[in-house]
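Here is a short report for a first look at this model. Start with the sequence and the structure, then read on.

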Amino acid sequence: MKSKDRVFLLGAAFVWSVGILAALHYEGDPSWIDRLPAVSGSDGILWQVQTTFLSVGDAGLAIAAQLFAETPLAIGASRSRVLEQVHAGWTVGVGLTANAVIAVETIWLPSELGALGIALVWFVPTVALLVRSYVELMRLFGRPSQLDEVVRASLIETLTSRMETVSRDYAEARRRLDDLFESSPSVAGDRRSAVTLHIPVPHDGLVVKAIKPRVVRRAISSIGPRPVKGGAGDGGPRKDETGDLYAPPQVVLDVEPGDRTRIGETAFRIWTPQELDLDTQNRLIRQLQSSIEFESPGSVTLDEETDREIANLKDSVGTSLRSGAYGTAERALELLGQVVRGVWTARQAISDSPRRSSFTRRDWLYHSIGDVEQDALLSPRACGLFVDQAMTRALEAARTGSMEYVDECLRSFTRLWSDVIRSGNPEFDLMLARILTCVQNLAEYAFATEEQRDELQPRTVWAMVELVKLALDMKKPETARLAAVELNGLFKFDQTGGTARANVTSGQLVLSGWLGYLADKGDDRDPSDPELSALVTPRGTRSEILAARALAERGATPFSRWNWWETPTSASVHVQRVELPYYIERAELVALASSPGPLPPATDQETASEYKRLRRLLDEAGRELSTKELSLNDMLTVEVDKWDAAELGRLAR
């Protein structure tokens, strides 16, 4: 029951009780009450006893609330759920109402039947509720596992409810504005000759409640049409009453309902073909600023409440690890992972999510895990705790139905792997083997259904590929060999008929191309390690090598972003030539030349084009071809000639 409903019910009960007490006081007691005579002043004594019970009971609940200082119970949503679990709201509400009723009877409306009534109707329930609250409280704190489950359920329920509330409250306000504003600056046409007017928010630090569409329409209509001589942009020059062409103003909304404004933030951007005069600009600024409706000062958004609670949970992990309280840290970390998974799963069911912030909330959920994992290097035990929790999340991830969430869970392993290698501390060497074992187990065993297997296996394979690459980036070839050995051993005896081993071959092909790229560029990350090169050289038939190359098409691989490998990490955006695909093709040639089996026949244009491209690469080698390469060239030529002859025959018909 909601707090408002509870207050209304108790208020009605108070009025009802006072009405009955007034009737008994003025009408007199019935004759049968003489058989139960009350001692003079008994109602006053009852009031004192009631007050004593209530004060002692509330003090006990207040003392119990001090236990909430330990995170994760310090989180607001957890406190409210625990208090709800012990029925503290009803206990305090009924007790205070009973105290008020007894006070009214004692001071203004005394009667013997009234004293008996308030004892049965108000005093006894107060005592019963106090006893029940204490019993529930002792049971809850006597069973920590049940308390953890209450906290977990409360956080997930509260955060999910908040997301639904935000979506519902602001969806309609945002929907009414869709036909007024451009969805983004990139779709508003050719603005090379346009003039931009930036309209700032009228107040900073307040939450936008709504934007009035009528005021916006009135403001936009006041500045157009404006005749122009030129042609059209993509958004539509139209003709006015005189037949002249004009470009309608384009408006982009930079704030939306639910956002908290910042100093100097732009609320609207307006593109016009000609610069507006100063008076028109000032009038437009006043009109559009007046269209923004704010929440009352001091209001806190639901997103901000959630941020604070998750921040408390993250702080608990770091504080507990530094103080050596690994049990508390494990509880808080496990709770954080369950909250992220629960909220993410529930978020998929929220269909109405128009706000741009829905995307940032997803990233915020993911980053919450990454933030706490920065403490993994405090000790090997702390690192092991994070690895275990990453394994737990990854095992549960496939059941959520969200492959984005699966990828993020796997990235915990790549983050921890990078941090451990970067530290260079030999105490953490065992953690590297532990991470490899976890990823290997996820790839080989961690699936419950065929669908989960098909989704999880390729991602874990490419996660292992990323581990090899990250070790190379940090100039640790011996660590890269450890990961390459595990990668090479995945699905060697797989009989399921899936694409798991094909993804392994594809990953090795990309890694082999990457080693060739590093060597050719003289990169200081080049390990010059023949053993590592042999480990990542793909093995299989020629058909399997070609299938692996098709899997490694740029952007098509799950989890791994190998097409970004050669792009330097930088805060600024720049353009560069992408060369890694060329080196992957060279690695493909090496693998095809050393592999057994015939080439698949060129039965379509795509395959024929692939064979012609491989022949050109052999011709461009600039050296004398080996015996295996000559044999491969002959096989490619035969298949291409067959395709060309068949193509000529089809054209002749």
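## Trp417 and the cores

Trp417 touches Leu432, Ile435, Leu436, Leu467, Leu470, Ala471, Thr479 and Ala483, leaving out residues up to four places away in sequence. Contact here means heavy atoms within 4.5 Å. Trp417 and Phe413 touch the most other members of the largest nonpolar core, which has 87 residues. Helix α15 (residues 450-473) gives the most to this core, with 11 residues. A second, separate core has 20 residues, among them Val208, Ile223, Val255 and Ile292.

A nonpolar core is a set of buried Ala, Val, Leu, Ile, Met, Phe, Trp, Tyr and Cys residues joined through side-chain atoms within 4.5 Å. Buried means under 20% relative accessible area, exposed over 50%, and partly exposed in between (1.4 Å probe, protein chains only).

## The model as a whole

This is a predicted model: local features need pLDDT of at least 70, side-chain atom pairs count only at pLDDT 80 or more, and totals for chains, interfaces and linings use all residues. Residues are numbered from 1 along each chain as its sequence is written, and side-chain values use heavy atoms, with hydrogens and water left out.

The protein has 22 helices and 8 strands. Helices (H or I, at least four residues) and strands (E, at least two) are DSSP runs, numbered from the N terminus. Of the 653 residues in the protein, 45% are buried. Take the contacts between residues at least 6 apart in sequence: 76% of them join residues at least 24 apart.

## Aromatic pairs

A pair of aromatic rings is described by the distance of the centres and the angle of the planes. Rings of Phe, Tyr and Trp (its six-membered ring) pair if their centres lie within 6.5 Å; planes under 30 degrees apart count as stacked, over 60 as edge-to-face and the rest as tilted. By this rule there are 5 aromatic pairs. One of them joins Phe53 and Phe123, edge-to-face, at 5.9 Å centre to centre and 80 degrees between the planes. This pair links distant parts of the chain: Phe53 sits in helix α2 (residues 42-65) and Phe123 in helix α5 (residues 112-141), 70 residues apart. Phe53 is partly exposed, at 37% relative accessibility. Phe123 is buried, at 16%.

Trp514 and Trp565 also pair: their ring centres are 5.6 Å apart and their planes stand at 70 degrees, so the pair is edge-to-face. Trp514 lies in helix α17 (residues 500-521) and Trp565 in the loop between α19 (542-551) and α20 (580-594), so the pair ties together parts that are 51 residues apart in sequence. Both Trp514 and Trp565 are buried. Ring pairs link Trp514, Tyr517, Trp565, Tyr582 and Tyr583 into a cluster.

## A charge over a ring

Arg6 lies over the face of Trp90, at 5.4 Å from the ring centre. The rule asks for NZ of Lys or CZ of Arg within 6 Å of the ring centre and within 35 degrees of the ring normal.

## Salt bridges

The whole structure holds 25 salt bridges. Each is a side-chain nitrogen of Lys or Arg within 4 Å of a carboxyl oxygen of Asp or Glu. Arg269 bridges to Asp254, with the closest N and O atoms 2.7 Å apart. Arg269 lies in strand β7 (residues 266-272) and Asp254 in the loop between β6 (250-253) and β7, so the pair ties together parts that are 15 residues apart in sequence. Arg269 is buried at 19% relative accessible area, while Asp254 is partly exposed at 22%.

Asp407 and Arg459 meet in another salt bridge (2.8 Å, N to O). Asp407 is in helix α13 (residues 403-423) and Arg459 in helix α15, 52 residues apart. Both Asp407 and Arg459 are buried.

## Around Asp529

Which residues does Asp529 contact, leaving aside its neighbours within four places in sequence? They are Pro477 and Arg481. Asp529 is found in the loop between α17 and α18 (530-536). Asp529 counts as buried, at 12% relative accessibility. A polar atom of its side chain lies 3.0 Å from the backbone nitrogen of Glu531.

Glu531 in turn forms a salt bridge with Arg481 (3.9 Å, N to O). Glu531 lies in helix α18 and Arg481 in helix α16 (residues 477-489), so the pair ties together parts that are 50 residues apart in sequence. Glu531 is partly exposed at 48%, and Arg481 is partly exposed at 23%.

Key. Polar contact = N/O pair within 3.5 Å; in protein donor to acceptor, adjacent residues only side chain to side chain.
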